[in-house]
Amino acid sequence: MGGVGVRRCWVLVLVVVAAGCGDGSSPGVDPTPERVDGSSSHEFERDDIDRANGASDAVKEYCSGAVSEAQRVGCEAHVTEDDIP
């Protein structure tokens with residue numbers, strides 16, 4: 001595994017941690033996502049779900065420590081075996 005994979009892994013970890021920080025009241029952060037038509041959305045993107053469903057057992061094990069469904073799906077969708085230390 002090269003340095004690029006390790007950096008990508010740490011970037012993902014930092015993004016996930018940063019996304020979970022705060023109470024959502026800071027300017028520029030919208031805690032209530034909306035669809036284009038203005039209706040509320042609490043769904044994952046279809047391609048993220050497909051990638052998460054196709055994640056290898058090693059990736060699923062690596063992501064098993066996620067504290068929420070969103071973190072788990074995000075991890076499984078974006079981490080590859082090359083990213084795992």
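Analyst: Let us begin with accessibility: a residue is buried under 20% relative accessible area, exposed over 50% and partly exposed in between, with a 1.4 Å probe and protein chains only. The model is a predicted one, in which local features need pLDDT of at least 70, side-chain atom pairs count only at pLDDT 80 or more, and totals for chains, interfaces and linings use all residues. Residues are numbered from 1 along each chain as its sequence is written, and side-chain values use heavy atoms, with hydrogens and water left out.

User: What makes aspartate 48 buried or exposed?

Analyst: Aspartate 48, also in helix H2, has a relative accessibility of 18%, which is under the 20% limit, so aspartate 48 counts as buried. Leaving out residues up to four places away in sequence, aspartate 48 touches Val73, Ala77 and His78, a contact being heavy atoms within 4.5 Å. Aspartate 48 and histidine 78 are 30 residues apart in sequence, with 8.0 Å from C-alpha to C-alpha.

User: How do you know which way H2 and H4 are oriented to each other?

Analyst: Helix H2 (residues 46–53) and H4 pack at an angle of about 75°, and their axes are 7 Å apart. The axes are lines fitted to C-alpha atoms, for helices over the stretch in contact, and the angles run from 0 to 180 degrees between N-to-C directions. Angles under 35 degrees count as roughly parallel, over 145 as roughly antiparallel, 65 to 115 as roughly perpendicular and the rest as oblique; H2 and H4 are therefore roughly perpendicular. Their contact is made by Asp48, Arg51 and Ala52 of H2 and by Val73, Glu76, Ala77 and His78 of H4.

User: Which residues of H4 are buried, and what covers them?

Analyst: In H4, Val73, Cys75, Glu76 and Ala77 are buried, and the cover over the buried residues of H4 includes H2 and H3.

User: What makes cysteine 63 and cysteine 75 a disulfide?

Analyst: A disulfide is a pair of cysteine sulfur atoms within 2.5 Å, and the S to S distance between cysteine 63 and cysteine 75 is 1.9 Å, so the pair meets the rule. By this rule the count comes to one disulfide. The pair links distant parts of the chain, with cysteine 63 in the loop between helix H3 (57–62) and helix H4 (69–78) and cysteine 75 in helix H4, 12 residues apart.

User: Why is this disulfide given the handedness it has?

Analyst: The torsion about the S-S bond of cysteine 63 and cysteine 75 is about -75°, so the disulfide is left-handed. Cysteine 63 is buried, with a relative accessible area of 2%, and cysteine 75 is buried too, at 11%.

User: How many helices and strands does the protein chain have?

Analyst: The protein chain has four helices and zero strands, and from the N terminus on its elements run α-α-α-α. Buried residues make up 18% of its 85 residues.

Key. Helix = DSSP H or I, 4+ residues; strand = E, 2+ residues; numbered from the N terminus.
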